[in-house]
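Here's a quick briefing to read alongside the model. Have the sequence and the 3D view open as you go.

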Amino acid sequence: MSHYIIRGGNRLEGALKIHGAKNAALPILAAAAICGDSVIRNCPNLTDISVAMEILRHLGCGALRQGDAIVTTQGEAGDCRIPDQLMGAMRSSIVFLGGMVARHGCAELALPGGCELGARPIDLHLAALERMGARITETGGRLLCSAPEGLHGARIDLSFPSVGATENTLIAAVTAQGETVLTGAAREPEILDLIDFLRACGARIAIGLDGVIRVEGVKRLQGTEHRVIPDRIAAGTYLCAAAMTGGDLLAKEVVPGHLASSLSVLAQAGCRVVTGPDWVRLTAPRRLAGFGTVKTMPYPGFPTDMQSVMMAAATVADGPTVFVENIFESRYRHVPELRKLGAKIITEGRAAVVTGVEELTGANLLCTDLRGGAAVVLGALAARGESTVTGLDHIDRGYDDLEGNLSRLGADMKRVRNG
Ligand code: EPZ
């Protein structure tokens, strides 16, 4: 267990290389279970990634970290089960399901854990696998899946563009017998990165102009070398930190297009935003203007994962901001924590109204979930005086060396390890 001590008020300034995307690396590691030996570069050093590596080892694969790369190897038949403790550690453990059924013809696992963001069903994942021939039963919080005759292609229409269900379907479909036609799929950059990885391994995947994905199953997939895309949410978090401290940040090794919706909100708030082929430079005004209305939407809309950190920035803006959370039913758990700093936020169902204040004041804060935790840290960085932040296990799931990076940009913060 550890906590941060943050003395807020410093202007954040400088350049920062953004790490690889957790939410791209995780499904790629899940897909590696059905591909040949692979080298996956630009994998951030996060607890969620370590959990994914452990799951791979349970499934009979090798997974070894070498610097920023993870080397995966195919072993002999592994286990059909993922231990409950690994399933409980993160929600995205569910993206291993499609690959497990494809590889072993069976899977047994507990329902997944992860951040508490309200009800997070997996009905779309299960319905897709069932259409592909899996038989699934759920008893006492455990899922039993089998496909003794293997999976076959199917037409799958997702009623909501679920990121995880799209990933699971793709991973299951690439070695299924025949063609899978997937409509209503998610279009997040992390999905395209997974598709790039699978294609490099020999998968036959076509994306139509209408967004319909067609997968022609192949017998075997080889291995490949792949570089994971940059983390657009980590980049956005650091940009928000600079924006709300009157700072100036050069975010390097990013894909500016992936950040477009967040950059346009920050520009509307008065930041000067300049982009290059793989960088973004943000220069903040002395005080941000209110952001208007920010609605979370599937990509290319404004990402739900940015809502909390953008809200932290809005708390010190000169003017109001309205947030509408359309993706998750309960993603405002950071609000009571931001209020402890003096933020003025009212929530009503899926909406949150922020009235910017001139100054926040340090407080004892708790990270309630991964992105909510990042928002709390940002609030503390902008606040006058000292804050302590506990619950850092959430931060460690998604930000590689958050305190090191922010300190290098001028933040006065340190991690204190208890006991
Ligand atoms: C992914 O979660 C991300 N996680 C989340 O990031 C992100 O917030 C989310 O996509 C939306 O962009 C990873 O990629 C590892 P969804 P996922 O399935 O796949 C409902 C972070 O902070 N739904 O697109 O779980 C669901 O309840 C994390 O890095 C169903 O109803 O998200 C939610 O309301 C947090 N049935 C909505 O869809 C299903 O079967 C979006 O979920 C599946 C989802």
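Where is the place of E253? E253 sits in the loop between β14 (248-252) and α9 (260-268), with helices (H or I, at least four residues) and strands (E, at least two) taken as DSSP runs and numbered from the N terminus. Its phi is near 55°, a positive value in a residue other than glycine.

Some ground rules before the rest. This is a predicted model, where local features need pLDDT of at least 70, side-chain atom pairs count only at pLDDT 80 or more, and totals for chains, interfaces and linings use all residues. Residues are numbered from 1 along each chain as its sequence is written, and side-chain values use heavy atoms, with hydrogens and water left out.

- β4 and β5 (residues 69-74) run antiparallel and are joined by six bridges, and A63 stands opposite T72 in β5.
- The two strands make a hairpin with two residues between them, and G67 in the turn has a positive phi of about 65°.

**Helices on that sheet**

**The β21-β22-β1-β23 sheet**

- Here we have an open sheet of four strands with mixed pairing, ordered β21-β22-β1-β23.
- At the edges, pairing on one side only, are β21 (364-366) and β23 (412-417).
- β1 (residues 2-7) pairs with β22 (residues 386-390) in the antiparallel sense over four bridges, with I6 opposite S387 in β22.

**The ligand and its shell**

- The ligand is surrounded by 23 residues, the closest being D123, L124, S162, D305 and I327; a residue counts as near if one of its heavy atoms lies within 4 Å.
- By class, the shell splits into ten nonpolar, six polar and seven charged residues. Ala, Val, Leu, Ile, Met, Phe, Trp, Tyr, Cys and Pro count as nonpolar, Asp, Glu, Lys and Arg as charged, and the others, Gly among them, as polar.
- α1, α5 (123-131), α6 (163-173), α10 (304-314) and α12 (370-382) each supply at least two shell residues, and α5 gives the most, with three.
- For polar contacts (a pair of N or O atoms within 3.5 Å), a polar side-chain atom of D123 lies 2.7 Å from a nitrogen atom of the ligand.
- On the backbone side, a polar atom of V163 is 2.8 Å from a ligand oxygen, and one of P121 is 3.3 Å from a ligand oxygen.
- Of the 830 Å² of accessible area that the ligand has on its own, the protein covers 88% (Shrake-Rupley method, 1.4 Å probe).

**A cis peptide**

- The peptide bond from Y299 to P300 is cis, with omega near 10°.
- P300 is in the loop between β17 (292-295) and α10.

How values were computed:
Pairing = 2+ DSSP bridges. Polar contact = N/O pair within 3.5 Å; in protein donor to acceptor, adjacent residues only side chain to side chain.
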